[in-house]
Amino acid sequence: MMRRPISAPDLRLLPWDERGLGLLKAMNTPEQKRYLGGIETAEKMDERHGRYLTYHRPGETEMVMIERDGAIVGSTGYWESAWRGTPAYETGWEVVAGQHGQGIGATAVGQLLGRLKPLARHDYVYAFPTPDNPGSNGICRKLGFELTGVEEAEYPKGVWSPHNIWRLNLRA
Ligand SMILES: CC(C)(COP(=O)(O)OP(=O)(O)OC[C@H]1O[C@@H](n2cnc3c(N)ncnc32)[C@H](O)[C@@H]1OP(=O)(O)O)[C@@H](O)C(=O)NCCC(=O)NCCS
């Protein structure tokens, strides 16, 4: 079935709540985790869910569930980190497998970062997709991130691979 293109009003960003654990489980497949170091254990998902339940601090750390037509279809968030010693934000995203390629990711991330901009206490937000992840690099390109380089990075713990270094100027 062809679906009409997504626009911002079609999506709602909901604060992370108890439904988030089900979302993490639904997205924990080898295909979905192909560029993220493989599937996670139940313990890791519980730990992640518990942490995300506390990520309700606009301007500092937020993790939200993406809702479309009453269904939870993905997640996105940002958190404080540092790049080469300078405080910054990092961002990430995931959309459930059956819903890829319709603009959900780019629209939701654009909405969230638009919300962050007036509150931002750091100049840049960074994203680090692996170079072979077309959807994730596509989101960065579409939202006007600048590709500043590629570096070996450890994600998840113990797994080293090249990652693109994209950054978006939140003051622009
Ligand atoms: C990355 C991810 C969130 C993208 O979400 P999505 O809703 O499919 O992305 P969108 O539909 O908004 O696409 C954003 C851009 O990327 C492009 N894109 C998306 N999937 C693509 C694919 N498989 N091949 C080529 N380009 C792709 C789109 O064309 C779009 O650009 P355009 O509008 O200029 O054409 C989704 O693929 C996903 O959940 N992947 C698994 C988890 C993951 O890897 N997360 C990121 C970790 S860094």
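Reader: In which strand is the place of E80?

Author: E80 has its place in strand β4, residues 71-83. Strands (E, at least two residues) and helices (H or I, at least four) are DSSP runs, numbered from the N terminus. This is a predicted model, in which local features need pLDDT of at least 70, side-chain atom pairs count only at pLDDT 80 or more, and totals for chains, interfaces and linings use all residues. Residues are numbered from 1 along each chain as its sequence is written, and side-chain values use heavy atoms, with hydrogens and water left out.

Reader: Why is E80 called partly exposed?

Author: The relative accessible area of E80 is 29%. Buried means under 20%, exposed over 50%, and partly exposed in between (1.4 Å probe, protein chains only). E80 is therefore partly exposed.

Reader: With which residues is E80 in contact, leaving aside its neighbours within four places in sequence?

Author: Contact means heavy atoms within 4.5 Å. On that basis, E80 is in contact with G59, E60, T61, A88, Y89, R121 and H122.

Reader: What makes the pair of E80 and H122 a polar contact?

Author: The two side chains make this contact at 2.7 Å. A polar contact is a pair of N or O atoms within 3.5 Å; within protein, one must be able to donate a hydrogen and the other to accept it, and residues adjacent in sequence count only if both atoms are side-chain atoms. The pair of E80 and H122 therefore qualifies.

Reader: Why does D69 count as exposed?

Author: D69 has a relative accessibility of 62%, and it therefore counts as exposed. D69 lies in the loop between β3 (61-68) and β4. Its phi is positive, about 50 degrees, although D69 is not a glycine. Most residues other than glycine have a negative phi.

Reader: Where is R84 found, and what is its phi?

Author: R84 is found in the loop between β4 and β5. Its phi is near 50 degrees, a positive value in a residue other than glycine. R84 is exposed, with a relative accessible area of 61%.

Reader: How do you know that β7 and β8 are paired strands?

Author: Two strands pair if DSSP finds at least two bridges between them. Eight bridges join β7 (residues 146-154) to β8, and therefore the two strands pair. They run antiparallel, and E151 stands opposite H163 in β8. β7 and β8 form a hairpin with five residues between them, and G158 in the turn has a positive phi of about 90 degrees. P156 is found in the loop between these strands, and the peptide bond from Y155 to P156 is cis, with omega near -10 degrees.

Reader: How many bridges join β6 to β8?

Author: Four bridges join β6 (residues 124-127) to β8 (residues 160-169), and these strands run antiparallel. R167 in β8 is the bridge partner of Y126.

Reader: Which residues come nearest to the ligand?

Author: V95, G101, G103, G105 and K142 come nearest, out of the 20 residues around the ligand. A residue is near a molecule or strand if one of its heavy atoms lies within 4 Å of it. In this shell, α4 gives the most, with six residues.

Reader: How far does a backbone N or O atom of G105 lie from an oxygen atom of the ligand?

Author: The distance is 2.8 Å for G105, and a backbone N or O atom of A106 lies 2.9 Å from an oxygen atom of the ligand. A polar side-chain atom of Q32 lies 3.3 Å from a ligand oxygen atom.
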